[in-house]
Amino acid sequence: LAELEAANDARAREAARLQAELAEAVPRAQHEATEAGLRAEAAALAQRLQELERRHEKTCEEVFRVQRQALFMKSERQAAEDRLGAAQKQLEQAQDEARRLRELHGHAEDAARLVRDRDRKITELSKEVFRLKEALNALPESGGSPQSPQPDTAALQARIRALEEKLEETETRHSKVVTLYRSHLLYAVQ
């Protein structure tokens, strides 16, 4: 009996000690409150993580869209640069063509001046021939043989023939110049 009482006392002391330790430990209500707070914080962190993942996806989509737009803009810029290069080349060709047309116009004006000069010479020669023919016709007929005309008449006839040949030669040259002038004008118009 004494032994049982001693064991019972030892157990009572052990129980008291455990209760004292339990009392010193964190109270249950506080433990549950801390656990609930940690769970709420974990849930908030999980929700924030989901929000960050959504924002990350949106950012990735935006980056992809911007990259695609930048690639499109780069291709548009390249196309614009190509068009600009082609336009500059056409402008240079047009300027060369305009310069060539100005030169042709100058040649055409020179040819027109030559034509006017030749026309004037032809007119003068025609008048001279006409005047000489009238002078020849106005000479009195001589009683001599037709084979031996007077020296003045022979000289006038030779001069008339020379002037007529010169007139024909001038008209031929004039015709060539007019043809050249027309071809220059036609080329300039084209």
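Of the 190 residues of the protein, 11% count as buried, where buried means under 20% relative accessible area, exposed over 50% and partly exposed in between (1.4 Å probe, protein chains only). This is a predicted model, in which local features need pLDDT of at least 70 and side-chain atom pairs count only at pLDDT 80 or more, while totals for chains, interfaces and linings use all residues. Residues are numbered from 1 along each chain as its sequence is written, and side-chain values use heavy atoms, with hydrogens and water left out.

The protein has 3 helices and 0 strands, in the order α-α-α from the N terminus. Its radius of gyration is 62 Å, well over the 16 Å that the globule rule gives for 190 residues, so the protein is more spread out than a compact globule. That radius is taken over C-alpha atoms, and the globule rule is 2.2 Å times the number of residues to the power 0.38. Along the principal axes, the C-alpha trace spans about 210 × 20 × 15 Å. Helices (H or I, at least four residues) and strands (E, at least two) are DSSP runs, numbered from the N terminus.

The accessible surface comes to about 16200 Å², and 56% of it belongs to carbon and sulfur atoms; the areas come from the Shrake-Rupley method with a 1.4 Å probe, and for residues only the protein chains shown count as cover. Among contacts (heavy atoms within 4.5 Å) between residues at least 6 apart in sequence, 87% join residues at least 24 apart.

The largest nonpolar core has 7 residues: I122, L125, V129, L132, I160, L163 and L167. Helices α2 (28-138) and α3 (151-189) each supply at least two residues of this core, and α2 gives the most, with 4 residues. Such a core is a set of buried Ala, Val, Leu, Ile, Met, Phe, Trp, Tyr and Cys residues joined through side-chain atoms within 4.5 Å. Not counting residues up to four places away in sequence, L167 touches I122, L125 and S126.

Further along α3 is H174, which counts as buried at 16% relative accessibility. Leaving aside neighbours within four places in sequence, H174 is in contact with V115, R118, D119 and I122. T172 is also found in α3, but is partly exposed, with a relative accessible area of 43%. T172 and H105 are 67 residues apart in sequence and 24 Å apart in space, C-alpha to C-alpha.

The structure holds 14 salt bridges, each a side-chain nitrogen of Lys or Arg within 4 Å of a carboxyl oxygen of Asp or Glu. One of them joins R65 and E62 (2.4 Å, N to O); being 3 residues apart in helix α2, these two are separated by about one helical turn. R65 is partly exposed at 36%, and E62 is partly exposed at 38%. Also in α2 and 3 residues apart, D117 and R120 meet in a salt bridge at 3.8 Å, N to O. D117, R120 and E124 are linked in a network of salt bridges. In α3, E169 and R173 lie 4 residues apart, about one turn of the helix, and the closest N and O atoms of their salt bridge are 2.6 Å apart.

In the unreviewed UniProt entry, the annotation "coiled-coil region" covers residues 1-111 and 153-180; UniProt positions are given in the numbering used here, feature names are shortened, and annotations may be inferred rather than shown by experiment. In the model, residues 153-180 are 100% helix and 0% strand, with end C-alpha atoms 40 Å apart.
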